[in-house]
Amino acid sequence: MSVSADLTRLIVGLFFGIVLPRVPLLFFTRFLNMERELTPHPDPIPIGVPLIQRLLLMRRIHGMCWLVAILPLSMGILVLNSSPEPFAVGLVAGVAWFILSRIVPLHMGRGFAILPLSLIQEINNLREPQTSCCDQQLLQWEVRTIRCKNCRDVTLILPRPDLGRIRSDGRLIGALRILLMDGHSVFPPNDESIVGQGVELLGKVAEEE
Ligand SMILES: [Zn+2]
């Protein structure tokens, strides 16, 4: 068989290996209408029961991705056991990338899962915060931080992960973004962002002048 045919099968296998484990993430939230209780994307989401419920649901869906990943992985390994089929090599490589993207933590302090329970607990605690920033405290999760809607006081610097809302950039681009980012925010946690530190530094310099 020609090299180009082998290469095509390898790429098709890779595509399936990458997409299949993420099908629950792409389908269950975006293509079923579950937007009732949350604000539309990309508006900030108030810290409340609907948000916590959505976080728990997203956690379950991320878990479901692992279950779905078993099928193409075992199929690929089974085929590879009998013959070096390029499609199976691609399939196994694609699923391996999914596994790697899940087990390598982006932030050491926050656990290994994309939505660790400790994080959901932390946000749940903010429903009844210990300290209040102003008289009409109204915490909401913006793209990069959780802060008060009224006084803009930042409670927690935490980039918002994908919460399964139908994205404002459309289903297709939204789906592509999910495939690339796996539900993570495009923003790194603030303390690790070189750009963020640069902007802060520039701000300080501007203040001093
Ligand atoms: Zn406030």
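Among contacts in the protein chain between residues at least 6 apart in sequence, 65% join residues at least 24 apart; a contact here means that two C-beta atoms, placed from the backbone, lie within 7 Å. Of the 209 residues of the chain, 18% count as buried. The cut-offs go by the number of other C-beta atoms within 10 Å of a residue's own: 20 or more for buried, 12 or fewer for exposed, and partly exposed in between, again with C-beta atoms placed from the backbone.

All of this comes from a predicted model, in which local features need pLDDT of at least 70 and side-chain atom pairs count only at pLDDT 80 or more, while totals for chains, interfaces and linings use all residues. Residues are numbered from 1 along each chain as its sequence is written. The mean pLDDT (the predictor's confidence in each residue, from 0 to 100) is 83 for the protein chain, and 83% of its residues reach 70 or more. Confidence is highest in strand 2 (residues 139–141), at a mean of 94, and lowest in helix 7 (residues 194–208), at 58. Where pLDDT is low, the predicted coordinates should not be read in detail.

As for the overall layout, the chain has seven helices and four strands, which follow each other from the N terminus as α-α-β-α-α-α-β-β-β-α-α. Helices (H or I, at least four residues) and strands (E, at least two) are DSSP runs, numbered from the N terminus.

The four strands make up an open sheet in the order 1-2-3-4, with antiparallel pairing; strand 1 and strand 4 are the edge strands, each pairing on one side only. Two strands pair if DSSP finds at least two bridges between them. Strand 1 is joined to strand 2 by two bridges, with I45 partnered by W141 in strand 2. Strand 2 and strand 3 pair over three bridges, also in the antiparallel sense, and L139 sits opposite C148 in strand 3. These two strands form a hairpin with three residues between them. Three antiparallel bridges likewise link strand 3 and strand 4, where R147 has V154 in strand 4 as its bridge partner. This hairpin has five residues between its strands.

On the helical side, helix 3 (residues 49–82) packs with helix 5 (residues 117–125) at an angle of about 175°, their axes 10 Å apart. Axes are lines fitted to C-alpha atoms, for helices over the stretch in contact, and angles run from 0 to 180 degrees between N-to-C directions. The two helices are therefore roughly antiparallel to each other, a label for angles over 145 degrees. Helix 3 brings I52, L55, L56 and R59 to the contact, and helix 5 brings I120, I123 and N124. By class, that contact has five nonpolar, one polar and one charged residues; Ala, Val, Leu, Ile, Met, Phe, Trp, Tyr, Cys and Pro count as nonpolar, Asp, Glu, Lys and Arg as charged, and the others, Gly among them, as polar.

Two backbone details deserve a word. Most residues other than glycine have a negative phi, and most peptide bonds are trans. R152, though not a glycine, has a positive phi of about 65°. R152 lies in the loop between strand 3 (145–148) and strand 4 (154–157) and is exposed, with 11 other C-beta atoms within 10 Å. The peptide bond between H41 and P42 is cis, with omega about 0°. P42 belongs to the loop between helix 2 (23–27) and strand 1 (45–46).

Technical notes
Angles under 35 degrees count as roughly parallel, over 145 as roughly antiparallel, 65 to 115 as roughly perpendicular and the rest as oblique.
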